[in-house]
Amino acid sequence: MFARRPPAKNFQLAIVGGGIGGVILALGLLRRNVPVRIYEAASGFREVGLGLSIGPAAYRAIPLIDPRIRDIYDSLITTHADSPGYEQYHRTWFEIVRATGSNAGKVIFDLKAFPSGQTSVRRSDFLDSLMCLLPPEAFRLGKRLETFRETEDGIKVFFKDGTSAWADAVIGCDGIHSKVRECMLPEESDRSAPQYSGMYGYRAVLNMMDMIEAVGEHRARVATIYAGQGSYAVTYPIMRAKKVNVGLFIIKPSWNCNTWVRPAEKSEMHRDFDHMGEHVKAIMERMPDASQWAIFESRYQLSTYTKSRFALLGDAAHASTPHQGAGAGQAVEDAHVLAELIGDPRVVQPPDLVVAFKAYDAVRRPRSQRVVTTSREVGNLWCLSQKGVLDDEEKLKQALTTRLRWLWDLDVEEQVNRAKSIMIEQMERRNEGFSIDSSLSNQALGK
Ligand SMILES: Cc1cc2nc3c(=O)[nH]c(=O)nc-3n(C[C@H](O)[C@H](O)[C@H](O)COP(=O)(O)OP(=O)(O)OC[C@H]3O[C@@H](n4cnc5c(N)ncnc54)[C@H](O)[C@@H]3O)c2cc1C
């Protein structure tokens, strides 16, 4: 997998944004001896302390990026096996339970995920541990990118604190509000601004004991989706099953607020969830904070994830709703492909990066943009509101299985091989004097 002694790279990369995507990419590049530095806006690497689950395909990709990432993930995860007596749910992703109507509480089916089942880490613990793997010279904190200027010599990156830095290429891992995206594709910047997805939610972390009191031992310990009419609830154990992560989501076509998080009264939560069955109502009673979180997504599909010596990764390129727990996983898949391309011994000079970025775009854009769509659809499925499915249990099983199998069964190594063969072919074209061409996406899709 790794070249024994890859030739020295004649370039310096800048990663803008040190979230999960940026840090994992940096680790993958450093492992392949690629000179890289992260510029992070915050004064420390920060993640809100809520749960994060890496789906099966990304779980298979992380050791290929750097085996230490999977070691860290495995050392931090909570699984069903953390609840004594629940080991047989090891492969369960979620039990899907009816939340409304006369059948409220009925298990519709046990949705399994191979090989990992339900795994979750506290985001902050995961990022903190990854951070410890980075050498100090590989990151700069308090560096908020404002703009950049590309010259023949490279790219000058300007930060809000008045300082600047040079790099030969810039990879924007700066999240859903990406400044890199705005500067790289100004002509698409209005359309690519994140859009309200039509759902908002309430979030909490509850003590396992409180959760058991609310919904009983089994429902508290086994990750559950409560599928209701126009709304759903999700609960899963975190922190070695001492706590439970809770999200209550509702379809609401408009969000009349300038901010993403809106303080709200408990009465509004009641208005939104009083139609749900006893379990969800009991959870709602225990939610300490009624703030509403708008769910945004990149509904507009960017025409490209790269231009010249710039590329976008993770939410900066394709932010999706959280309904199938795939956003960070997509950033991991991006990082895997990009690290393998840039680490390839044929990529030595800055112009080689342009070709590598194009191959990355050709392979990663179709899949990650489709994830944005399937994620929205899965939200509708949980709310028994997806056209053609609604609350038909057989159709629901079928629709979920089809979408999730497509997401999870990816052959991550084949994805890299496909990207590499595109890159090599395009390098040959370039060396013969042809332009790197627009048939790339078709090639990537196997057309
Ligand atoms: C409620 C919720 C639950 C979710 N659950 C899951 C889940 O279970 N599984 C899953 O796979 N995904 C989940 N996601 C999605 C996941 O959180 C994101 O897809 C993931 O965090 C994206 O990582 P990223 O590195 O691309 O961006 P981010 O995590 O947003 O990181 C961007 C970084 O860039 C920095 N930055 C921003 N602007 C600048 C600038 N101008 N200059 C320098 N730095 C800058 C930020 O400070 C930040 O550190 C969930 C999302 C939500 C909202």
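How many bridges pair strand 8 with strand 9, and in which sense? Strand 8 (residues 145-151) and strand 9 (residues 154-159) are joined by 6 bridges and pair in the antiparallel sense. The views below all show a predicted model, in which local features need pLDDT of at least 70, side-chain atom pairs count only at pLDDT 80 or more, and totals for chains, interfaces and linings use all residues. Residues are numbered from 1 along each chain as its sequence is written.

**View 1. The hairpin of strand 8 and strand 9.** Strand 8 and strand 9 form a hairpin in which 2 residues lie between the two strands. Within this pairing, L145 has F159 of strand 9 as its bridge partner. Strands are taken here as DSSP runs of E with at least two residues, and helices as DSSP runs of H or I with at least four residues, both numbered from the N terminus; two strands pair if DSSP finds at least two bridges between them.

**View 2. Strand 17 with strand 12 and strand 16.** Strand 17 (residues 292-297) is joined by 4 bridges to strand 12 (residues 195-207), and the two run antiparallel; here Y200 stands opposite A294 in strand 17. Strand 16 (residues 261-262) also runs antiparallel to strand 17, with 2 bridges joining them, and R262 stands opposite Q292 in strand 17.

**View 3. The shell around the ligand.** The ligand is surrounded by 31 residues, of which the closest are G17, G19, G175, G314 and G327; a residue is placed in this shell if its C-beta atom, placed from the backbone, lies within 6 Å of the molecule. Helix 1 (20-31), helix 11 (315-318) and helix 12 (327-343) are the elements that give two or more residues to the shell, and helix 12 gives the most, with 4 residues. By residue class, the shell divides into 14 nonpolar, 11 polar and 6 charged residues, where Ala, Val, Leu, Ile, Met, Phe, Trp, Tyr, Cys and Pro count as nonpolar, Asp, Glu, Lys and Arg as charged, and the others, Gly among them, as polar.

**View 4. The largest nonpolar core.** This core has 130 residues, and those with the most contacts inside it are L25, V170, L313 and Y360. Helix 13 (residues 350-382) gives the most to this core, with 13 residues. Domain 1 (13-78 + 121-194 + 302-444) and domain 2 (84-117 + 195-297) both give residues to the core, so it lies between them. A nonpolar core is a set of buried Ala, Val, Leu, Ile, Met, Phe, Trp, Tyr and Cys residues joined through C-beta atoms within 7 Å, and a residue is buried if 20 or more other C-beta atoms lie within 10 Å of its own, exposed if 12 or fewer, and partly exposed in between. Not counting residues up to four places away in sequence, V170 touches A14, V16, F148, I155, V157, V180, R309 and F310, contact being defined by C-beta atoms, placed from the backbone, that lie within 7 Å of each other.

**View 5. Helix 2 and its cover.** Helix 2 (residues 56-65) is mostly covered, with 8 of its 10 residues buried, namely P56, A57, A58, Y59, R60, A61, I62 and I65. What covers these buried residues includes helix 1, helix 3 (67-76), helix 12, helix 14 (393-408) and helix 15 (412-431).

**View 6. V347 in the loop between helix 12 and helix 13.** V347 counts as buried because it has 23 C-beta neighbours inside 10 Å. Leaving aside neighbours within four places in sequence, V347 is in contact with L341, I342, D352, L353 and A356. The C-alpha atoms of V347 and N10 are separated by 9.0 Å, although the two residues are 337 residues apart along the chain.

**View 7. Where domain 1 touches domain 2.** The bounds of the two domains come from an automatic or database domain assignment, and their C-alpha centres lie 28 Å apart. In all, 24 residues of domain 1 are in contact with 31 residues of domain 2. On the side of domain 1 that touches domain 2, the elements that give two or more residues are helix 2, helix 13 and helix 14, and helix 14 gives the most, with 5 residues. The residues of this side of domain 1 divide into 14 nonpolar, 6 polar and 4 charged.

Definitions and conventions
Contact = placed C-beta atoms within 7 Å.
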